[in-house]
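Reader: Could we go through this structure together, beginning with the terms?

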Amino acid sequence: MSVSFAPPRRRWAVAATVLALLLVTLVLNRRAPALAPPDDAASGRGILLGLAQAAERDHRLLAPAGSNAYEFYLSVLGLEPDDAATREALQRLFPAGTRVVEQSIDDGELDEAERELRLLRDFDADNYLLALLAGKLAAERQLAVRRHEARAAILRAQLARPAVQPAR
């Protein structure tokens with residue numbers, strides 16, 4: 001029986017790719033030292049706007065968590081609270097966002113609906129539609145609790161019955 005300690009070819013390929021990327025990065029950094037680094041706020045804003053627009057094109061308005069248009073636009077507002085274009089984009093997406101929340105509630109994804117509702121509240125906490133959706137979410141949570149309690153009662157009743165012994 002022979003034992004080989006050589007890493008598989010796939011590991012070598014990954015290692016070679018990483019090494020090549022590092023070399024390219026080093027070469028590019030040495031060629032352009034005279035360039036001034038971009039303004040952090042402006043470059044961060046641009047990156048976030050690009051991510052928000054891509055998420056919007058991909059119909060990722062409120063989900064998945066951490067990679068959706070609403071979170072990216074809210075992050076832009078965190079950098080520049082008076083950004084009118086970003087506020088307009090959030091306002092434009094708001095009706096579609098409320099439909100997404102309602103669909104999450106209807107699908108029984110209550111924790112996800114609550115997270116999405118929080119995102120919309122971060123933009124417009126006083127909107128009456130959000131109050132209605134919060135009420136619907138609370139009602140669905142109550143119904144879910146009642147369904148769980150009913151199932152638990154049925155299981156307790158089944159366990160409480162004496163086991164029927166088969167006749168011999």
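Author: Buried means under 20% relative accessible area, exposed means over 50%, and partly exposed lies in between, with a 1.4 Å probe and protein chains only. The model is predicted: local features need pLDDT of at least 70, side-chain atom pairs count only at pLDDT 80 or more, and totals for chains, interfaces and linings use all residues. Residues are numbered from 1 along each chain as its sequence is written, and side-chain values use heavy atoms, leaving out hydrogens and water.

Reader: Is Y70 buried or exposed?

Author: Y70 has 1% relative accessibility, so this residue counts as buried.

Reader: How many aromatic pairs does the structure hold?

Author: There is one aromatic pair. Rings of Phe, Tyr and Trp (its six-membered ring) pair if their centres lie within 6.5 Å; planes under 30 degrees apart are stacked, over 60 edge-to-face, and the rest tilted. The ring centres of Y70 and F123 are 6.4 Å apart and the planes stand at 80°, so this pair is edge-to-face.

Reader: And which helices hold Y70 and F123?

Author: Y70 is in helix α3 (residues 69–79) and F123 in helix α5 (residues 110–123), so the pair ties together parts 53 residues apart in sequence. Helices (H or I, at least four residues) and strands (E, at least two) are DSSP runs, numbered from the N terminus. F123 is also buried, at a relative accessible area of 15%.

Reader: Where is Y128, and is Y128 buried or exposed?

Author: Y128 is found in helix α6 (residues 128–160). Its relative accessibility is 58%, so Y128 counts as exposed.
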